[in-house]
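Here are a few notes to read with the model open beside you.

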Amino acid sequence: MTVGSGRIKDSRASWIFLAITGCVMGYTAGPFDSFGILVVVFVDHFHETNTKIGWVGSLMASLACYSYPVAVSLQHRFGFRAMAITSAIFVTFSYLTTPLVPSANYLFLTYCIPQGLGVGFMDCLSLTILPEFFDKYIGLATGIRLASVATGSMICNYLFPILIESLGWKNTFYCFSSVGAALLFHAFSYGTKPTIPTDREVIFAKESDVMAVSDVSQPTTKRPGFLQDRGFQLIVIGCVPFFFSVGVPLMFMVQYAKSLGYPLSQCKWLAVVRALASLFGRLTVGLIGDFISRRKLITHIASIVVTIFGLASGLCSLTQHLPLIILYMAVVGFLEGMFWVILPLMMYELTGGINADYAFSLVTLLTATGYLTGPSSMENA
């Protein structure tokens with residue numbers, strides 16, 4: 001089936017676009033996921049408490065998740081390219097202005113808001129546009145796309161302490177302002193979106209025209225049908241504990257280990273191991289995602305992942321030994337990586353593909369709320 005101007009779903013062009021998306025998102029979200037390292041840096045530089053700096057990261061991560069429904073709505077109206085350019089502006093502004101602030105209070109304006117919106121927009125849309133490029137291999141494509149973020153996170157968590165020690169954190173931020181250029185490249189690598197009629201022939205169309213058709217094809221009710229589905233409601237309720245706790249290892253475990261007396265050179269391995277395990281978890285589900293989707297096993301695997309994650313988090317609270325904490329980070333990193341690939345596939349399965357992007361963005365709001373519970377746990381760290 002031809003798609004767009006000579007483009008075919010699951011074709012070489014689709015894989016090339018996925019490769020570009022993966023590289024750009026790894027470079028964009030990698031530093032974002034390295035905030036656990038920056039907590040230590042900001043606490044030392046601004047002489048602030050763990051709680052205050054923790055709020056910067058929590059609000060940033062929460063805002064990124066809250067931006068998902070906004071990103072989907074704006075993308076339907078203005079297109080992917082306009083949203084990618086907007087994200088580039090936000091992220092570049094953040095990296096260029098944050099080194100200039102005199103106190104931690106300004107971090108909420110220069111780092112928290114622009115990073116949250118810029119990374120959140122692209123993190124969401126780079127997933128929701130994948131069905132435009134993939135059909136048979138949508139599960140594998142989703143796994144690769146999410147694995148790229150885990151790879152970027154692993155590399156950044158390893159390199160950040162080295163770069164900060166050799167260049168200083170301010171110059172490191174100036175270097176990462178090039179993320180904006182990468183996002184611009186991603187924006188202009190995005191091709192036109194095709195309209196696919198029922199006879200599976202292709203209608204060549206401009207992006208603006210296709211968006212208008214897409215809006216007409218979507219249900220016009222204010223309350224999407226999936227919100228009334230009992231199965232959807234039960235699964236979301238069952239995942240609530242996971243959504244409320246998933247951000248704790250990412251944001252605060254490095255600082256927690258440092259508060260136990262371990263040096264940053266050792267504590268950074270918590271973030272590195274978590275990212276590496278997350279990479280393997282995402283690749284694992286990516287490889288089997290299409291298989292388990294066809295056999296309707298997505299929801300069952302999601303339930304198992306959430307249960308084991310909760311048990312591991314409970315056991316971690318019983319130890320203060322770094323090797324055991326590293327083991328915990330490996331386990332939860334693998335499970336978290338699995339879940340983030342499962343989630344969009346599960347939303348597509350539960351909604352039958354109708355408003356799947358809205359379902360994915362709305363469920364992510366629960367994660368956003370969970371991030372807000374983190375700083376209170378840092379108060380005594």
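1. Let's start with a loop residue. H47 sits in the loop that joins helix 2 to helix 3 (50–78); helices here are DSSP runs of H or I with at least four residues, strands are E runs of at least two, and both are numbered from the N terminus. Although H47 is not a glycine, its phi is positive, about 55°. H47 is also exposed, with a relative accessible area of 70% (buried means under 20%, exposed over 50%, partly exposed in between, using a 1.4 Å probe and protein chains only).

2. A word on the source. This is a predicted model, in which local features need pLDDT of at least 70 and side-chain atom pairs count only at pLDDT 80 or more, while totals for chains, interfaces and linings use all residues. Residues are numbered from 1 along each chain as its sequence is written, and side-chain values use heavy atoms, with hydrogens and water left out.

3. Another loop residue deserves a look. K296 lies in the loop between helix 12 (264–294) and helix 13 (298–316). K296 is not a glycine, yet has a positive phi of about 60°. With 52% relative accessibility, K296 counts as exposed.

4. Now for the chain as a whole. The protein chain contains 16 helices and 2 strands. Of its 381 residues, 54% count as buried. Among contacts in the chain with a separation of 6 or more, 82% come from residues 24 or more positions apart; contact means heavy atoms within 4.5 Å. The accessible surface is about 16,200 Å², and 66% of that belongs to carbon and sulfur atoms (areas by the Shrake-Rupley method with a 1.4 Å probe).

5. How do helix 2 and helix 6 pack? Helix 2 (residues 35–46) meets helix 6 at an angle of about 25°, with the axes 9 Å apart; axes are lines fitted to C-alpha atoms over the stretch in contact, and angles between N-to-C directions run from 0 to 180 degrees. The two helices are therefore roughly parallel to each other (under 35 degrees is roughly parallel, over 145 roughly antiparallel, 65 to 115 roughly perpendicular, and the rest oblique). I37, L38 and V41 of helix 2 make the contact with N157, F160, P161 and I164 of helix 6. By class, these residues are 6 nonpolar, 1 polar and no charged; Ala, Val, Leu, Ile, Met, Phe, Trp, Tyr, Cys and Pro count as nonpolar, Asp, Glu, Lys and Arg as charged, and the others, Gly among them, as polar.

6. Helix 6 has a further partner to check. The axes of helix 6 (residues 138–167) and helix 14 (residues 322–351) come within 9 Å and cross at roughly 140°, which makes helix 6 oblique to helix 14. On the helix 6 side the contact involves G139, T142, G143 and L146, and on the helix 14 side W340, V341, P344 and L345. This contact has 5 nonpolar, 3 polar and no charged residues.

7. Finally, two buried residues. I53, in helix 3, is buried at 0% relative accessible area. Leaving out residues up to four places away in sequence, I53 touches F35, V39, F42, V43, E48, A104 and L107. V363 belongs to helix 15 (residues 356–371) and is buried, at 4%. The C-alpha atoms of V363 and C239 are 9.6 Å apart, although 124 residues separate them along the chain.
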